[in-house]
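Subject: Structure handover

Dear colleague,

Please find the structure below. My notes on it follow.

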Amino acid sequence: MTEALPASTIMLCRDHEGELQVLLLRRSKKLNFAGGFWVFPGGKVENSETERGKDDLDAAKIAAVRETKEETSVDIFADDLFFFRHWTTPKAEPRRFATWFFFGALPDHAPEVIIDDQEIKQHLWIHPQAAIDELKAGKLAMMPPTIMSLQLISKCNSVNEAKQAMNELKPVFVLPVIDQKESAFICMYEGDAGYGTADARVIGARHRLVLNAKRGEVSFEYEGCDDIHPVNEGMSF
């Protein structure tokens with residue numbers, strides 16, 4: 001099993017012309033990890049940041065601030081970041097990250113985003129639900145943690161509403177297992193009947209995200225695991 005390297009990312013939001021928008025970045029297709037995918041600003045936590053931070057969470061905030069500056073030229077303050085999820089790449093994957101997910105908000109007159117045009121090739125400000133709709137239309141390729149994060153604020157219409165939604169969350173540490181059936185990826189979470197074997201066919205409880213990019217289908221299934229809180233807070237697509 002490959003060691004999961006510490007990383008961090010920010011779901012960065014703003015209000016624009018009366019609409020909540022979140023910043024997405026498209027990674028270069030040449031990159032080995034998540035090449036061509038739309039992601040939030042972020043990256044690996046450096047050793048120097050681990051040494052500077054009071055703890056792992058503090059180091060992750062420092063890294064998130066640095067990565068956002070490098071990838072977008074936007075300045076963020078670590079104290080303004082809200083930790084809401086920690087996602088670890090499944091054990092079977094060859095490249096693994098243990099990623100702290102933060103929520104951050106920019107002022108109404110947000111600074112211009114300037115990408116490096118190396119690792120990052122495009123940027124997009126978009127409402128969270130619109131991003132999910134674009135995923136279903138096959139126009140935005142995103143990984144499950146990004147999708148699930150967007151879903152948490154998909155019904156919000158402003159930064160204030162998104163902040164309120166974030167404040168009501170209990171931070172959760174998530175380690176998925178993945179199964180693939182034809183063109184569908186099934187990401188199973190704790191409590192799912194197939195979680196222990198990574199076999200989505202096992203009959204029983206369901207706690208999973210099903211993603212079929214070719215058909216533009218995405219769904220979340222949660223049934224029969226009442227003692228496990230759903231990682232998507234019970235939100236529907």
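I start with a hairpin: β11 and β12 have four residues between them, and Gly216 in this hairpin takes a positive phi near 70°. The model is predicted, so local features need pLDDT of at least 70 and side-chain atom pairs count only at pLDDT 80 or more, while totals for chains, interfaces and linings use all residues. Residues are numbered from 1 along each chain as its sequence is written, and side-chain values use heavy atoms, with hydrogens and water left out. Helices (H or I, at least four residues) and strands (E, at least two) are DSSP runs, numbered from the N terminus.

β11 and β12 run antiparallel and are joined by seven bridges; two strands count as paired if DSSP finds at least two bridges between them. Asn212 stands opposite Glu217 in β12. The two strands belong to an open sheet of four, in the order β9-β10-β11-β12, with antiparallel pairing. Its edge strands, each pairing on one side only, are β9 (177-181) and β12 (217-223). Neighbouring strands of the sheet are turned by 20° against each other on average, direction ignored. Such angles run from 0 to 180 degrees between N-to-C directions, and the axes are lines fitted to C-alpha atoms, for helices over the stretch in contact.

Val177 has Met188 of β10 opposite. Helix α4 (residues 144-152) packs on the sheet and touches β10, β11 (206-212) and β12; contact means heavy atoms within 4.5 Å. The direction of α4 makes about 110° with that of β11.

Helix α3

The buried residues in helix α3 (residues 128-136) are Pro128, Gln129, Ala131, Ile132 and Leu135. Here buried means under 20% relative accessible area, exposed over 50%, and partly exposed in between (1.4 Å probe, protein chains only). Seen down the axis of α3, these buried residues fall within an arc of 155°, so they line one face of the helix; the arc is that of the directions from the helix axis to the C-beta atoms. They pack against β2 (19-27), β7 (120-126), α4, β11 and β12. After α3 comes Gly138, with a positive phi near 80°.

Strand β6

Strand β6 (residues 97-105) is largely enclosed by the rest of the structure, because eight of its nine residues are buried. It pairs with β1 (residues 5-16) in the parallel sense over nine bridges, and Pro6 has Ala98 of β6 as its bridge partner. With β5 (residues 82-88) the pairing of β6 is antiparallel, over six bridges; Trp87 has Thr99 of β6 as its bridge partner.

Charged side chains

The structure holds twelve salt bridges, each defined as a side-chain nitrogen of Lys or Arg within 4 Å of a carboxyl oxygen of Asp or Glu.

- Asp58 and Lys54 meet at 3.5 Å, N to O. Asp58 is buried at a relative accessible area of 18%, whereas Lys54 is exposed at 72%.
- Arg66 and Glu67 have their closest N and O atoms 3.2 Å apart. Glu67 is buried, with 8% relative accessibility.
- Asp117 and Lys121 have their closest N and O atoms 3.7 Å apart. Asp117 is partly exposed at 46%, and Lys121 is partly exposed at 32%.

Arg66 and Glu67 also belong to a network of salt bridges that links them with Glu46, Glu49 and Glu70.

Glu71 lies in helix α2 (residues 56-72). Leaving out residues up to four places away in sequence, Glu71 touches residues including Leu25, Pro41, Asp116 and Glu119.

A loop glycine

Gly36 lies in the loop between β2 and β3 (38-39) and counts as buried at 16% relative accessibility. Not counting residues up to four places away in sequence, Gly36 touches Arg26, Arg27, Ser28, Lys29 and Ala141.

Regards
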